[in-house]
Amino acid sequence: MFYHLLYPLRDFISGLNLFRYITFRAAYAVVTALVISIWFGPWIIAMLKRRQIGEKIRPEGPKTHYAKEGTPTMGGLVVLLAVLVPTLLWADLTNRYIQLILVVTAGMGVIGFIDDYYKAVRKQHKGLVAKKKLAGQLILGLGLGIALFTWPPSSEFSTTSTDVPFFKNLALYLGVFFIPFVLLVVAATSNAVNLTDGLDGLAIGLCGIAFIAFAGIAYVTGHVQFSRYLAITYLPGAGELTVYCAAALGACLGFLWFNAHPAEVFMGDTGALALGGALGTMAILTKKEILLLILGGVFAAEALSVIVQVGYFKWTGKRIFRMAPLHHHFELLGWPEPKVVIRFWIIGAICALLTLSTLKIR
């Protein structure tokens with residue numbers, strides 16, 4: 001909004017020329033997201049408490065979690081507000097990349113909100129039926145795939161390929177499998193982040209780290225000189241996604257203010273599915289889907305631990321981990337919750353550094 005209202009006035013007020021710079025708008029998107037989170041966070045938390053929208057702790061979980069019973073959930077509303085509003089204020093809303101990621105973020109947020117509503121308000125322990133929730137995610141992913149295939153955000157955006165890390169000008173061509181590939185990436189990433197959201201500050205901190213890396217990737221991808229120097233795919237307009245990533249980073253930091261141990265609020269599926277879907281969409285829009293496996297290494301490990309645990313138990317009747325997802329396994333080994341969270345953050349930061357290094361190691 002500010003970009004469209006103020007930048008056209010640059011000929012009259014020279015200072016407004018600042019709005020042409022992505023870095024300027026990204027910086028203020030972070031600040032705006034932080035202000036929104038810290039300003040509206042207490043109000044939303046108080047509203048959730050009044051309505052008794054609290055977390056229900058599973059009896060089979062770690063005993064240390066019993067004290068969290070009743071902690072307000074559905075705090076992802078704070079995250080959504082702090083991501084969407086700054087993006088609407090500071091980004092170029094005519095940019096197709098921005099339009100697509102806003103739709104996916106809001107759509108995943110709605111799916112997560114419905115699930116949280118069934119669990120926390122209607123007191124249905126399982127929330128939205130798993131098949132219905134997955135169907136919603138798949139439909140949203142399918143819509144994104146079809147939108148990209150039929151109306152690419154830029155003429156240079158290939159709807160049949162994805163970049164291969166560590167190689168210059170090497171892409172994997174998917175052809176007709178591009179749409180199901182998009183569907184898989186969006187659904188898998190949103191669920192992986194959701195599975196990781198089990199300890200105070202864990203998922204939101206890892207998401208913040210991932211969005212920092214994606215902000216850098218988006219900026220160089222949309223910059224003709226940087227992309228040429230790094231020999232990566234140049235996508236005109238993709239740099240605008242830096243503003244979105246900055247807003248997401250600010251939202252993560254702002255929510256962490258309340259979600260740090262001991263958490264005052266949980267983001268629930270409302271926030272986890274929205275942020276996970278956004279990360280998957282960022283990977284698709286910047287052609288870094290394979291690289292997402294490195295950047296989201298902790299998310300991938302958490303999801304894989306559940307798949308392995310369930311599969312091995314069905315096959316042998318035994319468990320590999322004491323409990324899945326993976327973070328609970330380390331809790332049951334005796335690691336205090338803050339130690340698990342911080343160590344996973346460290347691993348996430350290493351994954352982000354490795355991801356950014358691949359832009360040069362080619």
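Which helices do the buried residues of α5 pack against? They pack against α4 (96-121), α6 and α10, where a contact means heavy atoms within 4.5 Å. Buried here means under 20% relative accessible area, exposed means over 50%, and partly exposed is in between (1.4 Å probe, protein chains only). Helices (H or I, at least four residues) and strands (E, at least two) are DSSP runs, numbered from the N terminus.

Before going on, some ground rules. This is a predicted model, so local features need pLDDT of at least 70 and side-chain atom pairs count only at pLDDT 80 or more, while totals for chains, interfaces and linings use all residues. Residues are numbered from 1 along each chain as its sequence is written, and side-chain values use heavy atoms, with hydrogens and water left out.

**Helix α5**

Back to α5, which covers residues 130-150 and has 21 residues. From its first C-alpha to its last it reaches 30 Å, close to the 30 Å expected at 1.5 Å a residue; that expected span is 1.5 Å times one less than the number of residues. The buried residues in α5 are K133, G136, Q137, L140, G141, L144, G145 and L148.

**Two helices crossing**

Two packed helices are described by the angle between their axes and the distance between the axes. Helix α6 (residues 178-196) and α12 pack at about 85°, with their axes 8 Å apart. The axes are lines fitted to C-alpha atoms, for helices over the stretch in contact, and angles run from 0 to 180 degrees between N-to-C directions. So α6 and α12 are roughly perpendicular to each other, a label for angles of 65 to 115 degrees (under 35 is roughly parallel, over 145 roughly antiparallel, the rest oblique). On the α6 side the contact is made by A192, V193, L195 and T196, and on the α12 side by F299, E302, A303 and V306.

What about A203? A203 sits in helix α7 (residues 202-221) and is buried, with a relative accessible area of 0%. Leaving out residues up to four places away in sequence, A203 touches V193, T196, D197, M267 and F299. A203 and C252 are 49 residues apart in sequence, yet 9.3 Å apart in space, C-alpha to C-alpha.

Most residues other than glycine have a negative phi, and most peptide bonds are trans. Here are some spots that go the other way.

| Spot | Feature | Location |
|---|---|---|
| H261 to P262 | cis, omega near -5° | P262: loop between α9 (241-259) and α10 (268-285) |
| A324 to P325 | cis, omega about 5° | P325: loop between α12 (297-316) and α13 (326-332) |

F166 is partly exposed, with a relative accessible area of 43%, whereas K287 is buried at 2%.

A disulfide is a covalent bond between the sulfur atoms of two cysteines. How many disulfides are there? The count is 0, using the rule that a pair of cysteine sulfur atoms must be within 2.5 Å. Take C245: the closest cysteine sulfur, in C252, is 10 Å from its own sulfur, so that is too far for a bond. C351 is in no disulfide either, with the nearest cysteine sulfur, that of C207, 13 Å away. C245 is buried at 1% relative accessible area, and C351 counts as buried at 12%.
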